[in-house]
Amino acid sequence: MLGHRHEIAVAALTLALLLGGCSGGPKGSGTVAGAPKGSVIPAAFKADEAKAVALKLTAGGGGAAIRTGDATMAVYVPAGAAGAGAEWRLLPLSAAPAGPKKALCPGVYVDTAGAKPSKGCQVGFALPGKAAANAVIVRIPDDGGALQVVPTTRLERDGMTFLTASVDGFSAYTTSEEDKAAADKAFVDRAKARGKQVDWTIKAGGKETQTNEGWTFDYELDFFASGGDEGMGGQYTGHSSLSVKGDYKGPVSIVKSFGKLSGIGRDQALKFYIIDAPLADLLTGKDVGDPIVGGSGVMKLDGMGSLNIAAVGPTVSGKYDKNNVKGSGSVPFTVTVKGEDVQIEIPKVGIFPGKILRTTK
């Protein structure tokens, strides 16, 4: 019969392949020196005027970034959101405003000299390391009143935690550890307030083939999600499925071994986040020009699989059969968007192409 050791290895392979398969900061924050003097800063905030950064805007919009404690904060204003020749500025706060439960950096006051943007803008923070799971962006009104938890997109990459959001107006912003319920409610409240809103739909999938120690694995992905905001960045929800078929042909010798593997897992509550390219460029200090949107997530798959393997020889023979075994697992993935083209990459599985299209719901 097949050895016990062989059975353990095969069982482990089935499980793995069925469903598994603030210090320091980003260099070069993209800040702009020589900020103009703006309106009087509300008494509720203590800002360092000497370190103010200009938010110079053109007909095509604009943005800037600034340091706040160990973090970098950035603002991006799209075309048409501000009046021609507007000179806004960013001022780092010398201390976090009152209100946040646990501020992760002092924060920044966005001085628009009394003006208001005519459409949604974006704010973001790059925090060093892995921030707490309940870290979000919060806004404190000019009168220093009750803070507002902002619907926040989160992305962990390159040893940093990026928190970004789309906002309808400006004041002081910082990051804080807040209740998860408050963060979830922020998304729901905004959706209710806006009614119909612009969003984006991602469709991706296809087939990939991998080989590993005598096995040939054929994977197939079906991936659908919608979300985003005025820009592509934001929260996405949808569904996905990942299937695998494996064929094993052992070495041709005295003992012949062969086998089949199949499995499929589905995530009916897929959720992940991506960040708009202009804001990501400001937060990382990279030059805008090659607009690549990035994001990541985890597929939480539930499904079943089967494994049938046998060995035939003059002294050793036997088989191992496990059929329709239920299981679950987590499969991480990254999302890259360039123009309308999307790539979903699953480590050790492959890269699957797709498209992102603007829709309205």
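**From paired strands to paired rings**

Guide: Let us begin with strand β3 and strand β6 (residues 121-128), which run antiparallel and are joined by five bridges. Across this pairing, M73 faces F125 in β6. The model is a predicted one, in which local features need pLDDT of at least 70 and side-chain atom pairs count only at pLDDT 80 or more, while totals for chains, interfaces and linings use all residues. Residues are numbered from 1 along each chain as its sequence is written, and side-chain values use heavy atoms, with hydrogens and water left out. Strands are DSSP runs of E with at least two residues, and helices are runs of H or I with at least four, both numbered from the N terminus. Two strands count as a pair if DSSP finds at least two bridges between them.

Strand β3 also has a partner in strand β2 (residues 61-68): eight bridges join the two, and they too run antiparallel. G61 lies opposite P78 of β3 in this pairing. β2 and β3 make a hairpin with two residues between the strands, and in this hairpin G69 takes a positive phi near 65 degrees. As for cover, β3 spans residues 71-78 and is mostly covered, since six of its eight residues are buried. The word buried means under 20% relative accessible area; exposed means over 50%, and partly exposed lies in between (1.4 Å probe, protein chains only).

We now turn to an open sheet of six strands, whose order is β1-β4-β5-β11-β7-β8 and whose pairing is antiparallel. Its edge strands are β1 (53-56) and β8 (148-149), each of which pairs on one side only.

β1 and β4 are paired in the antiparallel sense over four bridges. Two positions mark this pairing: L55 has W88 of β4 as its bridge partner, and V53 stands opposite L90 in β4. β4 is also joined to strand β5 (residues 108-111) by four bridges, again antiparallel. There, L91 has Y109 in β5 as its bridge partner. Strand β4 is largely enclosed by the rest of the structure, because five of its six residues are buried.

In general, a pair of aromatic rings is described by the distance of the centres and the angle of the planes. Rings of Phe, Tyr and Trp (its six-membered ring) pair if their centres lie within 6.5 Å; planes under 30 degrees apart count as stacked, over 60 as edge-to-face and the rest as tilted. Nine aromatic pairs are present in the structure. One of them is formed by W88 and F170, with 6.0 Å from centre to centre and 75 degrees between the planes, an edge-to-face arrangement. This pair links distant parts of the chain: W88 belongs to strand β4 (residues 87-92), F170 sits in the loop between β10 (160-167) and β11 (172-177), and the two are 82 residues apart. W88 has a relative accessible area of 3%, so this residue is buried. F170 also counts as buried, because its relative accessibility is 11%.

Another pair joins F223 and F333: the ring centres lie 5.5 Å apart and the planes meet at 75 degrees, so this pair is edge-to-face. It, too, links distant parts of the chain, with F223 in strand β13 (residues 215-227) and F333 in strand β17 (residues 318-338), 110 residues apart. F223 is buried, because its relative accessible area is 1%, and F333 is buried with a value of 2%. Elsewhere, W215, F217, Y219 and Y248 make up one aromatic cluster.

One further residue shows how positions separated along the sequence can be compared in space. A311 has its place in strand β16, and it counts as buried because its relative accessibility is 5%. From A311 to F258 there are 53 residues in sequence and 6.6 Å in space, C-alpha to C-alpha.

Finally, these parts may be set against the whole. The protein has three helices and 19 strands, and 46% of its 361 residues are buried.
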